[in-house]
Amino acid sequence: MADTDKRKQLILCEQERQLIHMIRELGAFSSGDVPSTIIGSDSQPVDEGGTVTMTPEVTVTNGKASAAVGESDMTSTIAAAKKCNASSVTVSVETDKNVNAANVTLNSAAVKSLANDTDMALNVETPVGAVSIPHKTLSSMIAQTGSNDVKLLVENKAASDVKLDGVDVTTATIVAITITAGTKSITNFNGEHLTVSIPISGSHKAGDSYKVIVVSADGTVETLVGKVVVKDGKTCVEVSVSHLSTFVVTTQKVASFTDVASTAWYYDAVQYAALHGLMAGTGSDKFSPDSAMTRAMLVTVLYCLDGSPAVTGTNSFADVKDGQWYNQAVIWANQKGIVAGYGSGLFGTNDKVTRQQMATILYGYAQYKGYDATKTTELTAYTDTNKLTDWAQPAMKWAKGEGLIGGTSATTLSPTGNATRAQVATILMRFSENTVK
């Protein structure tokens, strides 16, 4: 039999929401005593970029929480959000009962109003997990819903529900998130991203990162990095995705670097490289993103990407010493025809790798692996191609055609410029996602 949570609908500005949360924690009033409606007031507006929260009535049946947002509810919330100068609207499904799934129904006209009449984002928070949908993503979603209401389902899954060969998920937190409109399942958003937040237990520290495995309905598996955050006293792992799936939050911690800010343009690439064992730090929790990449570093990265195979060849370079961390990688790369060195028995181990050298080495690796390396583009838009050596031209045209390397400006390619570790991490992520089969 269904139980209806007695909490009445609330429309709250963020500061008011936090205040009520604090009062609840202190036990000043029960959930049923909360004022029925608080619309953002002039005296307590949220800061620019804040949110306005509504808490719809919740029904719990057999461990599943259900809530619905109607057109009038959304209209009132949008008005409050505009008054508060908010940048998002939050639907918060709150219940004191234990639930393992939450289903939120959003009226079609209500969601379209948010997408078409504002530039706000939509957040849906439940005890099982949360989804933050930026406005562009919301617009893409609405384009796929037709006249149907939108249903968002967030549910816990058991380890037995996920099939991952060779991966132990018994200690993982697993949550499936789906959006449907009528009979249509909406999983992709035209390349736009959204943020998924999954509650976790244990001694996770805010700011730490963990490996998250994303399993799509068709069996496709993707590995991402999730970051631990604490909101309203709840610890969650947040991950940015371009599609909805089943999310497996593992207990495998990913290296965090003190010199890589979460707002840096290369943050995701550095996390990707660290997660997949392609690049390590430079010591003392540093990644040194602006430092130049050396030739030895680059071939070692590709050696790791290839699974660090056994090396049977002999060393032909005088400057590649036995027992050094790069020794096996250089021998392997030379044996496979990926690099040839400078001639005269020199590899240039500690030389800074240039952009054209990097393109050439990646091109050689793609050919060695049998990847399709036929996609190219002309470089006529750049005025400094006279600095590009003849041997590097095919590789640079390929790297540009694959989207691996862009110009350093609208008119410059800087082929002889040094490649930084952050740039290499970004190119490696693109290479792994777009070229590696």
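User: Which residues touch the most other members of the largest nonpolar core, and what makes a set of residues a nonpolar core?

Analyst: Met279, Met358 and Trp398 do so, within a core of 63 residues. A nonpolar core is a set of buried Ala, Val, Leu, Ile, Met, Phe, Trp, Tyr and Cys residues joined through side-chain atoms within 4.5 Å. Helices H5 (267-275), H6 (295-305), H7 (327-335), H8 (355-369), H9 (393-401) and H10 (421-434) each supply at least two of its residues; helices are DSSP runs of H or I, at least four residues, and strands are runs of E, at least two, numbered from the N terminus. A second, separate core of 57 residues includes Ala67, Ala80, Ala115 and Leu224. The model is predicted: local features need pLDDT of at least 70 and side-chain atom pairs 80 or more, whereas totals for chains, interfaces and linings use all residues. Residues are numbered from 1 along each chain as its sequence is written, and side-chain values use heavy atoms, leaving out hydrogens and water.

User: Why is Thr145 called buried?

Analyst: Its relative accessibility is 2%, and buried means under 20% (exposed is over 50%, partly exposed in between; 1.4 Å probe, protein chains only). Thr145 therefore counts as buried. Thr145 lies in helix H4 (residues 135-145).

User: What does Thr145 touch, not counting residues up to four places away in sequence?

Analyst: Thr145 touches Lys112, Val150, Ala181 and Ile186 on that basis, where contact means heavy atoms within 4.5 Å.
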